[in-house]
Amino acid sequence: MHGSTGNTSHRYRRSLALRFLGDDVRYLDRTGTPDDSQLSPTLADGDVMDSPEFPLIWTRSGGAVPA
């Protein structure tokens, strides 16, 4: 969900993007996606999305995962 207008100031604006995924989500490198999308050099099509690019931070049974 995005709730902001364009930056009309002369200063940079900081942002934070979070992606929350279910445990049934699998990686798929699709052709035609934007060049700045999150591509993984370590995941192959069909892999579970638990990697350095997509770290596991919370589990239903265990809560927050320690760093």
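## Contacts and overall make-up

A contact here means heavy atoms within 4.5 Å. By that rule, residues 24 or more positions apart account for 9% of the contacts in the protein chain with a separation of 6 or more. The model is predicted, so local features need pLDDT of at least 70 and side-chain atom pairs count only at pLDDT 80 or more, while totals for chains, interfaces and linings use all residues. Residues are numbered from 1 along each chain as its sequence is written, and side-chain values use heavy atoms, with hydrogens and water left out.

The protein chain has zero helices and two strands; these are DSSP runs numbered from the N terminus (helices H or I, at least four residues; strands E, at least two). Of its 67 residues, 10% are buried, meaning under 20% relative accessible area, with exposed over 50% and partly exposed in between (1.4 Å probe, protein chains only).

## The surface

Leu16, Leu18, Phe20, Ile57 and Trp58 make a nonpolar surface patch of about 690 Å².

One of these, Phe20, sits in the segment before strand S1 (58-59). Phe20 counts as exposed because its relative accessible area is 69%.

## A look at Ser51

Ser51 also lies in the segment before S1. Buried or exposed: which is serine 51? Serine 51 is buried, because its relative accessible area is 9%.

Setting aside residues up to four places away in sequence, Ser51 touches Thr42 and Leu43. The Ser51 side chain also makes a polar contact with the side chain of Glu53 (3.0 Å). Such a contact is a pair of N or O atoms within 3.5 Å; within protein, one must be able to donate a hydrogen and the other to accept it, and residues adjacent in sequence count only if both atoms are side-chain atoms.

How values were computed
Patches are made of residues with over 30% relative accessible area and no salt bridge: like charges are joined within 9 Å, nonpolar side chains (Val, Leu, Ile, Met, Phe, Trp, Tyr) within 5 Å. Accessible areas come from the Shrake-Rupley method with a 1.4 Å probe; for residues, only the protein chains shown count as cover. A salt bridge is a side-chain nitrogen of Lys or Arg within 4 Å of a carboxyl oxygen of Asp or Glu.
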